[in-house]
Amino acid sequence: MSITRRSARRTVRVLGVASATVALALGVTNTALACNIREFSAEASCVGEKGQIVVTDKDASGQAAVITVFLENNGADAHQVGEAQEIKGSRQGTTVTFTEDWKPNAEYRIHVKAGNLVDEDIKPNLTTPSEACKKDETPAPSETPSESATPPAEESESPSPSETPSESTTAPAGTASNAPSPAVGDSNLAETGANSNTGLIAGVAAALVVIGGGAVFFGMRRRGANSGS
């Protein structure tokens, strides 16, 4: 049975369509298996009280990629977190961990470099949770009342100044008791010294002298009269 040109052309046409279909399918498959930035994700988590940033690669093609993490500050890189790490993805997902004591609501930029296929950041940037891994164990409010309770203790000791006034009141009483003593001494001196009693004695003595002199005078006169007669 001879093959006509018509049937040969038809066969070639069918083979061409089949080849194009296979090539298209292979192209779609290769595109689907190619490494893509959408296959990378990142999250901030805690292990006990230590923080970490975990990057997951779900690239089924297993293309090697290098992950670099940067802490952002006002839209600029503040510093790089640790060293860049290499990862090979899988359909189930492969992870790489960066140890980082992250702060609440901090922002991190994760860059992915996978050969000539990917060289960009994971969008959007990673924002850490609003609560840190390590809880603040210093109960400042509870310590503040205890510290505030200390001043009342000091105030309870402050009544010592109230004792000082009582001592000061006794001191003036002592000085008042000492003050009259000079006055009493002055009165004693007045009684023993030249006061009104001393003048009276002197007056009596003078009167006695005058009386005595008069008596002597009259006695001598009487004696002269008797001798004349």
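Guide: When I say two residues are in contact, I mean they have heavy atoms within 4.5 Å. Also keep in mind that this is a predicted model.

Visitor: What does the side chain of Ser-90 make a polar contact with?
Guide: With the side chain of Thr-94, at 3.1 Å.

Visitor: Let me zoom out. How many helices and strands does the protein chain have?
Guide: Five helices and nine strands. Going along the sequence, the pattern is α-β-β-β-β-β-β-β-β-β-α-α-α-α.

Visitor: And how much of the chain is buried?
Guide: Of its 229 residues, 18% count as buried.

Visitor: Which residues have the most contacts inside the largest nonpolar core?
Guide: Phe-40, Ile-67, Val-69, Phe-98, Tyr-108, Ile-110 and Val-112, in a core of 24 residues. Strands E1 (40-47), E2 (50-57), E3 (64-73), E6 (94-99) and E7 (107-114) each supply at least two residues of this core.

Visitor: Tell me about Tyr-108. What does that residue touch?
Guide: Not counting residues up to four places away in sequence, Tyr-108 touches a list of residues that includes Ile-53, Val-69, Trp-102 and Leu-126. Leu-126 is also the bridge partner of Tyr-108 in E9.

Visitor: So what does E7 pair with?
Guide: A few strands. E3 and E7 run antiparallel and are joined by seven bridges; one example is Val-66, whose bridge partner in E7 is Lys-113. E7 also pairs with strand E8 (residues 118-121) in the antiparallel sense, over four bridges, and there His-111 stands opposite Asp-121. With strand E9 (residues 126-127), E7 makes an antiparallel pairing over two bridges.

Visitor: What happens at the turn between E7 and E8?
Guide: Their hairpin has three residues between the strands, and Gly-115 takes a positive phi near 55°.

Visitor: Is E7 mostly covered or mostly open?
Guide: Mostly covered: six of its eight residues are buried.

Visitor: Why does Ala-114 count as buried?
Guide: Because its relative accessible area is 0%, and buried means under 20%.

Visitor: Who are its neighbours?
Guide: Leaving aside residues within four places in sequence, Ala-114 is in contact with Cys-35, Gln-63, Ala-64 and Ala-65. Ala-114 and Ala-65 are 49 residues apart in sequence, yet their C-alpha atoms are 4.1 Å apart in space.

Visitor: Compare that with Gly-62. Where is that one?
Guide: Gly-62 is in the loop between E2 and E3. At 26% relative accessibility, Gly-62 counts as partly exposed, because that category runs between 20% and 50%.

Visitor: And what does Gly-62 touch?
Guide: Lys-88 and Gly-89, not counting residues up to four places away in sequence. The C-alpha atoms of Gly-62 and Thr-94 are separated by 9.5 Å, and these two residues are 32 apart along the chain.

Visitor: New topic. Which strands form the open sheet of three?
Guide: The order is E1-E2-E6, with antiparallel pairing. E1 and E6 stand at the edges, each with a single partner strand, so one side of each has no neighbour in the sheet. The twist averages 25° from one strand to the next.

Visitor: How many bridges join E1 to E2?
Guide: Eight, and the two strands run antiparallel. Ala-44, for instance, has Ile-53 as its bridge partner in E2.

Visitor: Last one: where does UniProt place the "transmembrane region"?
Guide: At residues 200-220, according to an unreviewed UniProt entry. In the model, that stretch is 100% helix and 0% strand, with its end C-alpha atoms 30 Å apart.

Key. Residues numbered from 1 in each chain as written. Predicted model: local features only at pLDDT ≥ 70, side-chain atom pairs only at ≥ 80, totals over all residues. Heavy atoms only, no water. Core = buried A, V, L, I, M, F, W, Y, C linked by side-chain atoms within 4.5 Å. Buried < 20%, exposed > 50% of the residue type's maximum accessible area, 1.4 Å probe, protein only. UniProt positions renumbered as here; feature names shortened; annotations may be inferred. Pairing = 2+ DSSP bridges. Axes fitted to C-alpha atoms, helices over the stretch in contact; angles between N-to-C directions. Polar contact = N/O pair within 3.5 Å; in protein donor to acceptor, adjacent residues only side chain to side chain.
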